[in-house]
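Visitor: I would like to go through this structure step by step. Could we begin with what the word "contact" stands for?

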Amino acid sequence: MKTSAERLAALGCAGLVAVSVAGCGSVTDAVKGDGDKAITMGTTAVTNTLDPAGAYDAGSWLLLRNTFQSLLSYPAASSAPSPDAAQSCEFAAGDVTAYHCTLKSGLKFSNGHALTASDVVFSIQRSLKINDPNGPAGLLSSIKAVEAKGDTEVYFRLSQPDAVLPAKLAGPAGAIVDEEVFPADKLLGNDKLVGSGPYKMDSVEAGAKGGPAKVVLSPNDKYTGDAKLRNKKFTLRYFDKSTDLKSALDSGEVDLADNSLEPNTAAQILSDQQGGKTDLRVVEGDSNDTRYLVFNTKDATLGNVAVRQAAAQLIDRKSLARDVFARTVQPLYSMVPAGVSGHNTAYFDRYGDQDTAKAKAILTAAKVATPVKLSLTWSRSRAEGAESETLKKQLEAGGLFQVTVQQEPDWDAFKKGWNEGKYQMYTIGWFADYPDPDNYVAPLIVEGGSYHHGWDDARISQKLVPDTLKQADRAAATTTYGQIQSIVAENAPLVPLFQNKSFYASRSNITGVESTVDTTGFFRFWEIGRVGK
């Protein structure tokens, strides 16, 4: 997915991680007056499923982070999780296979039902039982057993060391659901969800394709956490096209847009803002969202590592960043983005800049006839089709490849396609789930990864990744992540293209955007306010 925050510089576990919190405020304490008019945010991160057990993409998590609580969460600009529904959480001393949390007392869901340790256990077990193919259950796979003792104590026993469990639990994968509302063995409809976060869902308007088109939120008066709401109503709208989002922003239908605008559009707004030519403004911030070109290694053609290496040799990231994305992204030569522990330049070290002579030599040595015919599939891109057309042009340099570009505009069908191995190569973004290099390696590489490229290496999946999860001091795992990335770069089951910069555009009377655009990847609706009408 998915989420993005991105340095777990010192997630202290065991003696290393013991987090506790003392106070909590009321959601009604900080709602400042801007009338009852909803603040409306637009995004092109469309989604289909909002139930936490089946939701595992940017569009759903954007909403779930504001409507559900987890045991832990990430404060603004933080690189380590802090208690949310929990009062404290910690690993047993010297043991990263035993984890214990104590809940705050008096927690309630928005429907008034008590939130207890039993709900936490139910939520974890439910996700694992449903094991939705497009859901986050894989993040919880290290959990062997979870049990409640009384209403406030939760104990996790892990099947293997997992030093990043607290980070995993701090996102929507660890969202706590009401066991009196959610079925244990199937997903709940988008319009029936109940959480305990700062907001509750008042209504969910379905789009033409079944996923949500518009979600209206209001303050959850049962919430007793730390969030201080600066608005009385918040609406999230999903758009199929960035051009439609920009039109809605211009007309005032939406008050702000997330990092969804077409790159040249965002850059133009920023230029106009600096020249005093627009009442829109852009907040530029860090992001660790990444983009990859994925190869189906089970395909007869791309199963040949020489073909993948030659393709990797032809990618010109600087041109993509400059000419297609108007410098709203930065070239990425690592599985792990800049700003995250474990970042390196493994792909540049191996391939350098675009070089058709080297690519030809790779194919010649492997006795691969040229041009190699490939298809490139895409679904959504902030640059629309320009990204894939540029990649096509780059790959066809020197006549080594002949590329056919095709779009699958239906996001659900696109996911189904890559799950079933229907595509040869495809572009896809990754929104990190938790701030640790592990989240850019294990879910993308081990056993074919979330995007089903089909490649695995026992050195990584059976030795190196497990070794990193024994290291409670996450900085100490950097060397091992470097080894992993060198192996991945050599085999090229996927190629990192770039990491995004964040450009959030809003109307000039919208405040608080600066407070929530940071490297946690957690957009806090409650920080957004309005000045005047």
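Guide: Contact means heavy atoms within 4.5 Å. Please keep in mind that this is a predicted model.

Visitor: With that settled, what do the buried residues of H1 pack against?

Guide: They pack against S2, S9, S10 and S11. Helix H1 covers residues 58-67 and packs on the sheet, and its direction makes about 150° with that of S9.

Visitor: Which residues of H1 are buried?

Guide: The buried ones are Gly59, Ser60, Trp61, Leu62, Leu63, Leu64, Arg65, Asn66 and Thr67. Because nine of the ten residues of H1 are buried, the helix is largely enclosed by the rest of the structure.

Visitor: In what order do the strands of the open sheet run?

Guide: The order is S9-S10-S11-S2-S12-S20-S13, seven strands with mixed pairing. At the edges are S9 (199-206) and S13 (280-285), each of which pairs on one side only.

Visitor: How many bridges join S9 to S10?

Guide: There are seven, and the two strands run antiparallel. Within this pair, Tyr199 stands opposite Pro219 in S10.

Visitor: And what does H5 touch on the sheet?

Guide: Helix H5 (residues 263-274) touches S13 and strand S20 (502-507). The direction of H5 makes about 115° with that of S13.

Visitor: Moving to the hairpin of S5 and S6, which residue takes a positive phi?

Guide: Gly94 does, with a phi near 70°, and the hairpin has two residues between the strands. Strand S5 (residues 86-92) and strand S6 (residues 95-103) run antiparallel and are joined by six bridges. Phe91 stands opposite Tyr99 in S6.

Visitor: Where is Asp84 found, then?

Guide: Asp84 lies in the loop between strand S4 (82-83) and S5.

Visitor: Is Asp84 buried or exposed?

Guide: Asp84 has a relative accessibility of 13%, and buried means under 20%, so Asp84 counts as buried. Leaving out residues up to four places away in sequence, Asp84 touches Gln69, Ser70, Leu71, Leu72, Ser73 and Lys104.

Visitor: What about the largest nonpolar core: how many residues does it have?

Guide: It has 139 residues, and those with the most contacts inside it are Leu71, Phe156, Phe401 and Phe525. A second, separate core has 14 residues, including Leu249, Ile269, Leu270 and Ala505.

Visitor: Which residues is Phe401 in contact with?

Guide: Setting aside neighbours within four places in sequence, Phe401 is in contact with Val307, Ala310, Ala311, Leu314, Leu363, Pro371, Val372, Leu374, Leu395 and Glu396.

Visitor: Last topic: where is the place of Thr243?

Guide: Thr243 is in helix H4 (residues 242-251). With a relative accessible area of 47%, Thr243 is partly exposed. The C-alpha atoms of Thr243 and Thr265 are separated by 9.0 Å, although these residues are 22 residues apart along the chain.

Key: Residues numbered from 1 in each chain as written. Predicted model: local features only at pLDDT ≥ 70, side-chain atom pairs only at ≥ 80, totals over all residues. Heavy atoms only, no water. Core = buried A, V, L, I, M, F, W, Y, C linked by side-chain atoms within 4.5 Å. Buried < 20%, exposed > 50% of the residue type's maximum accessible area, 1.4 Å probe, protein only. Pairing = 2+ DSSP bridges. Helix = DSSP H or I, 4+ residues; strand = E, 2+ residues; numbered from the N terminus. Axes fitted to C-alpha atoms, helices over the stretch in contact; angles between N-to-C directions.
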